Structure formats: C-alpha cells, structure tokens
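The points follow the sequence and structure shown here.

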Amino acid sequence: MRILIAEDEGPLAQQVQSALAAEGHAVDIAADGEEAHFLGETEPYDLVLLDLGLPLRDGISILKSWREKGVNVPVLILTARDGWTDRVDGLDAGADDYLTKPFHMPELTARARALMRRNAPTKNPVFSHNAVSYDTRNGRVSVNHVPVNLTAQEVAVLSYLFHNANRHVTQTELSEHIYEYDDDRDSNTIAVFITRLRKKLGADLIQTERGRGYMIQLAS
Ligand code: CA
C-alpha cells in the first residue's frame, strides 16, 4: 500500500516512514503544506498521515481542498495533545481519524492498518484465501501455516491485491501503489512478481483476465 506522510519534523517523519516501510508499504514524505497538497492531489495514496501544523499551508486547508475536489483517501491527522479544537476541525474537514503527539509507534501503525482495511472486503487483519494467509500486522505470509519467504515487493503486490480483492487490478494500478514517488516504475516487472507469487503460493490464488488485470477472489 502507498502512504503519504505530511510532517515537517524530519526525524519524526523518518521514524514513521521506517515503521511503515517495515510492514511493506511504499512511503513518501512531504515536509511542507504545498508539497503535501500537490502529492495528495496527484498521487493515488491509500492513506495520508497529515500533521496539521505545516509550513506554507496548514493541514486543515489542505484537507478541505482535497475533499472538495473529491480526493477520498483515508486521512489520519496528527495534532497536539491540547489541541482538541484542531481535532474537531480536522474531523469536520473530512479526516477519518486522529492521533495526538507524542504517540506510540505501534498505535500509529495499528490505526494506519485499520484505516487501510476499511475499504477491503474483509475486516479481519489476517487475509486468507484457501491455504494462503497474509497477516497485515507483521507482513507474514504462509501456506498451510508454513511460513513462506517473499521479497518486499512480492508482499507489496500481494497486500494490494488482498486489500482490493474481488475486483480486477491492472499492472499500472499495481505499480502506482507499490513504488515510492522517486522509484523507477516499470509496470512490466509486475508480471514477474505475479509469476513468482504463483510459484510460491499456488496457481489458484491470483486470477488473470487479459486486458482487465489481476484479482484475488475472496469467498463471500
Ligand atoms: Ca508541524
């Protein structure tokens, strides 16, 4: 999944980036409000962590602008502990959740996972399809309870397909959600990741339909 961190405190932004990257997400950082606004409007993020006190443009104004333009990405706002009015303004501007600073990293990553699961067909933090399971809490993948080693990019592809199960996902869409802003995006490599995932996890997990893309079909 692809996440934007809009945060001007550099060390904090990097700590959050490391924690989320360790779970297999592609994470971009915007250090000021103008950059955050631009990236949120132009890149297809699966989650935004938005500090309200940003240089150049404040978080509430960014959020209002996104929501007016139909940018419906889940947004978690970061506020000061005594800033209850900011939290009210933020939620009323279209935020989905908030966290007060300072926070414990496991709480931030748990809230991030919950927000990203919100639009998934299952709310279980462990996604499974027949013998295959993928635990969103630690990125572990197993077949018949036997752990399988996947590369970070293979996990990223699997994670996006599970979060978007029951619909077709094109190679282009996948490449937009597993790479960071500065990465070289080569949608041809997606086919390679899919082949490897099928080899490691079984051929029936990911369906392909020519011209429409890939899909994991979850039983309803
Ligand atoms: Ca700030």
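Which residues are the protein donors of the calcium ion?

1. The calcium ion takes its protein donors from Asp8 (OD), Asp51 (OD) and Gly53 (O), at 2.2 to 2.3 Å. Donors are N, O and S atoms within 2.8 Å of the metal (3.2 Å for Na, K and Ca), and sites may look incomplete because water is not among the atoms. The spacing of the donor residues in sequence is D-x42-D-x1-G. Asp8, in the loop between β1 (2-6) and α1 (10-22), and Gly53, in the loop between β3 (47-51) and α3 (59-68), are 45 residues apart and link distant parts of the chain.

2. The model is predicted; local features need pLDDT of at least 70 and side-chain atom pairs pLDDT 80 or more, whereas totals for chains, interfaces and linings use all residues. Residues are numbered from 1 along each chain as its sequence is written, and side-chain values use heavy atoms, without hydrogens and water.

3. Asp8 has 34% relative accessibility and counts as partly exposed, as does Gly53 at 48%. Buried means under 20% relative accessible area, exposed over 50%, and partly exposed in between (1.4 Å probe, protein chains only).

4. His129 lies in strand β6 (residues 126-129); strands (E, at least two residues) and helices (H or I, at least four) are DSSP runs numbered from the N terminus. With a relative accessible area of 12%, His129 is buried. Leaving aside residues up to four places away in sequence, His129 touches Phe162, Asp204, Leu205, Ile216, Gln217 and Leu218, where contact means heavy atoms within 4.5 Å.
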